[in-house]
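Below are my notes on the model, as numbered points. Please read them with the structure open.

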Amino acid sequence: MIDGVRYLRGLWPLLLVAVLLAPAVALAQYGYGSSGTSQVIVNETNVTLPPGGFITLSFEVKLVSGTTWGTQVQVSTSSSYVSASATPSSGDPTFSGKLTIKVSPSAPPGTYEVNVSATGDDPSEAPAVIYVVVESTTTTTTTSTPTTTTTSTTTATPVSTATSQPPSTVTTTVTTTTTTTVSSGVGAAPLAAFIAVVIISVALVVGLGALGVRRAGPAVAIAAVVPSAYLLAYDGALRTMAPLHYYLLAAYAAFNVVVGAAALLRPVKPLHVAIAAISGLMVLAMILDAVLGLPLSSVHLSAIGAINYFFGMGAAPLSSLGITLSFTSLMLLSAGASGASIKALRG
């Protein structure tokens with residue numbers, strides 16, 4: 001009984017993380033009542049390009065009223081023959097950037113659409129639409145006698161580029177959206193699943209205390225491999241947009257398997273020091289990732305955008321219920337492993 005009480009007193013990192021989770025989830029789901037009016041502005045809505053051509057335009061996501069929160073720029077096209085990308089892809093309105101539109105060399109003549117909209121905490125109801133006209137390229141062959149001469153002439157409509165003259169009519173499109181209600185979140189079922197994962201993770205940390213103070217920390221560290229494995233397998237954004245974070249998570253999972261198993265078999269002080277330090281650093285790294293917007297990655301999220309990614313439960317771009325539940329469990333189990341190992345070192 002005394003060992004059990006001592007073990008529970010050493011779980012203060014777990015309690016700290018559990019307390020921090022509540023405002024993080026509230027911010028991701030409800031934004032603390034954030035609302036606003038935004039405008040999506042593009043400097044041209046009609047461009048002409050040949051097959052294989054490209055053009056770079058300017059855009060602006062402008063906050064007209066309300067509170068500025070993390071907003072993502074979503075770009076879609078009406079055909080796979082036309083692609084477009086925005087830089088930056090997110091920010092806190094008001095912000096501006098560049099939109100690059102490319103036409104496939106095999107694109108048939110016709111008119112295609114590029115839609116630019118804002119998503120996140122200051123979304124737009126309707127996208128700004130850019131019409132891309134792909135002109136045909138013709139080849140004429142002329143034959144004369146007695147001497148045969150072949151002449152190839154290629155004609156195409158002048159191409160709009162960043163330095164060329166714009167079309168005769170240049171239109172600025174402004175999409176205005178007013179958000180007057182607070183987001184209702186993802187619903188009762190995902191929130192219930194989140195609460196269940198928190199309870200199960202905390203109960204697991206507490207229950208593994210039955211193994212004794214010296215073996216509880218390693219056992220919790222091994223348990224943390226489960227949510228790590230889910231993120232490594234199913235978090236595509238982490239794998240493609242933040243490879244450094246992905247490989248560090250893989251290294252952390254491998255560490256927990258090897259060192260955790262060794263500490264279970266032979267719970268010596270150096271192994272407890274390693275688990276306490278690495279697990280504690282992992283918790284700190286996850287908190288910094290959420291606050292700083294996944295630094296050292298290509299995602300470039302704002303703070304609210306990163307919190308939405310980790311705790312959005314599928315209601316925010318890049319997020320999913322599985323990512324939120326796994327990230328939450330990983331934080332709690334890592335904090336529990338660190339706290340339990342610290343307690344084992346103190347005796």
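1. Some conventions come before the helix contacts. Axes are lines fitted to C-alpha atoms, for helices over the stretch in contact, and the angles between N-to-C directions run from 0 to 180 degrees. Helices (H or I, at least four residues) and strands (E, at least two) are DSSP runs, numbered from the N terminus. This is a predicted model, in which local features need pLDDT of at least 70 and side-chain atom pairs count only at pLDDT 80 or more, while totals for chains, interfaces and linings use all residues. Residues are numbered from 1 along each chain as its sequence is written, and side-chain values use heavy atoms, with hydrogens and water left out.

2. Helix H4 against helix H10 (residues 321-346): the two axes come within 8 Å and cross at roughly 160 degrees. H4 and H10 are therefore roughly antiparallel to each other; angles over 145 degrees count as such, under 35 as roughly parallel, 65 to 115 as roughly perpendicular and the rest as oblique. The crossing of H4 with H10 is left-handed, a term that applies if the near helix is turned anticlockwise from the far one by less than a right angle, with clockwise giving right-handed.

3. A residue pair links these two regions of the sequence. Ala-344, which is in helix H10, lies 5.2 Å from Arg-214, C-alpha to C-alpha, although 130 residues separate them in sequence. Ala-344 counts as buried because its relative accessibility is 16%; buried means under 20% relative accessible area, exposed over 50%, and partly exposed in between (1.4 Å probe, protein chains only).

4. Helix H4 also meets helix H7 (residues 243-265). Their axes come within 8 Å and cross at roughly 155 degrees, which means that H4 is roughly antiparallel to H7. This crossing of H4 and H7 is left-handed too.

5. How much of H4 (residues 213-223) is buried? Eight of its eleven residues are, so H4 is largely enclosed by the rest of the structure. Among the buried residues of H4 are Val-213, Pro-218, Val-220 and Ala-223.

6. Helix H8 (residues 269-292) includes Ile-278, which is partly exposed at 31% relative accessibility. Ile-278, Leu-281, Leu-284, Leu-288, Val-291 and Leu-292 form a nonpolar patch on the surface, with about 520 Å² of accessible area together. Patch members have over 30% relative accessible area and no salt bridge; nonpolar side chains (Val, Leu, Ile, Met, Phe, Trp, Tyr) are joined within 5 Å, like charges within 9 Å. A salt bridge is a side-chain nitrogen of Lys or Arg within 4 Å of a carboxyl oxygen of Asp or Glu. Areas come from the Shrake-Rupley method with a 1.4 Å probe, and for residues only the protein chains shown count as cover.

7. Leu-294 sits in the loop between H8 and helix H9 (303-311). Leu-294 is buried, at 5% relative accessible area, and its C-alpha is 9.7 Å from that of Ile-307, 13 residues apart in sequence.

8. Please check the peptide bond between Thr-87 and Pro-88: it is cis, with omega about 0 degrees. Pro-88 is in the loop between strand E5 (82-87) and strand E6 (90-91).
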